[in-house]
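Look at the model below.

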Amino acid sequence: MIYGNIQVVAGNANPKLADAVCRDLGIPRTPAKVEKFPDGEIDVRVEDHVRGNDVFVVQSTCPPVNDNLIELLLLVDALRRASAGRITAVVPYFGYARKDRKDEGRVPISAKLVANLLVTAGVHRVVTIDLHAAQIQGFFDIPVDHLYSSQVISEHFKKLQIPDLMVVAPDVGSAKMARGYAKRLGGDLAIINKRRIKADQTEVTEIIGDVAGRNILLIDDMISTGGSITEAAKACRRAGAKDVYIAATHAVLCGQAREKLESCGAKEVVLTDTIPVDTVGVETLFHVLSVGPLLADAIDRVHHERSVSALFSRREEGMS
Ligand code: R5P
């Protein structure tokens, strides 16, 4: 079923990315007022008609996580009550994803709760990029289009033509992602055995693979406090690696992450704009790639009932 016109609405999480998506789609962004009442409650109003239309709400649930999540839920509620034909939550960075199972007593499964909240608010489908755990798709009983930023990041590294490349996973969880990059970029693969001591402190126990004399690409889905990837960078250098490049899809960058990235000896830190990145003062180190064209392509395909997975089988071969 084809709905009415495509409309793109955004909250305050990442309006620049929403504008990049609109530019690629060749449409103006549908204006929405997303403000706060004096007591901190969030107030939204979609400023254009949406009846019968195919509306995409672009909003990462990045810090401030709870405000951005509530903005998204309220925008969806407003759209549903305004009779939008179909509402798609485009959540480039899906927060609360790390709490995806009950691994000890008396803890929530936060990712499942967020999925329930989105569906209850009125979301008909979800588009997201590099979920922390792909199985979060199963927390939804509505269609989820899971996109990969690897094509965007790989293109950048292909252009650099780094010799003697070894792609290194900073922990076992990112090994599959790293293997895809190694295949695509023609490098070898090494894996770091990481132990998390505290929420913001990690320790490298060993590197599985010989990184001595190699140029390194460390790849992860997200950089949060920066502990995992910067400890991995330092461990690689101690083990005799040459240049160390860091890449991650989601630049959460909380706490001392920026300082850690600046001082870990990396040659370049490549990030995407699923979350806005402040590059002031680190212009020569940080390199931000836009996922706007990828999202626009996916939105266009969803709207015209064309395959989204085809986008990746073409671009993502070797990702299994
Ligand atoms: C771990 O499972 C993730 O892939 C990231 O490595 C981790 O969440 C990054 O966190 P931080 O930057 O705080 O070490």
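## The largest cavity

The largest cavity holds about 30 Å³ of space. A cavity is a set of points, on a 1 Å grid over the protein atoms alone, where a 1.4 Å probe fits but cannot get out. Its volume is the space filled by probe spheres set on the points, which are joined across faces, edges and corners. The count is one cavity of 30 Å³ or more.

This is a predicted model: local features need pLDDT of at least 70, side-chain atom pairs need 80 or more, and totals for chains, interfaces and linings use all residues. Residues are numbered from 1 along each chain as its sequence is written, and side-chain values use heavy atoms, without hydrogens or water.

## Its lining

Lining residues have an atom within 4 Å of a point. For the largest cavity they are Y93, F94, A97, D130, L131, H132, D221, M222 and H250. By class, five are nonpolar, two polar and two charged. Here Ala, Leu, Met, Phe and Tyr are among the nonpolar types, and Asp is one of the charged types.

## Between two domains

The chain is divided into domain 1 (6–148 + 292–317) and domain 2 (150–289). These bounds come from an automatic or database domain assignment. Both domains give residues to the lining, so the largest cavity lies between them.

## The interface

Domain 1 and domain 2 bury about 1,500 Å² between them, 51% of it on carbon and sulfur atoms. Buried area is the accessible area (1.4 Å probe) that two parts lose on being put together, summed over both.

Technical notes:
On a 1 Å grid over the protein atoms alone, a cavity is a set of points where a 1.4 Å probe fits but cannot get out, and a pocket is an open set with protein on both sides within 12 Å along at least five of seven lines; lining residues have an atom within 4 Å of a point.
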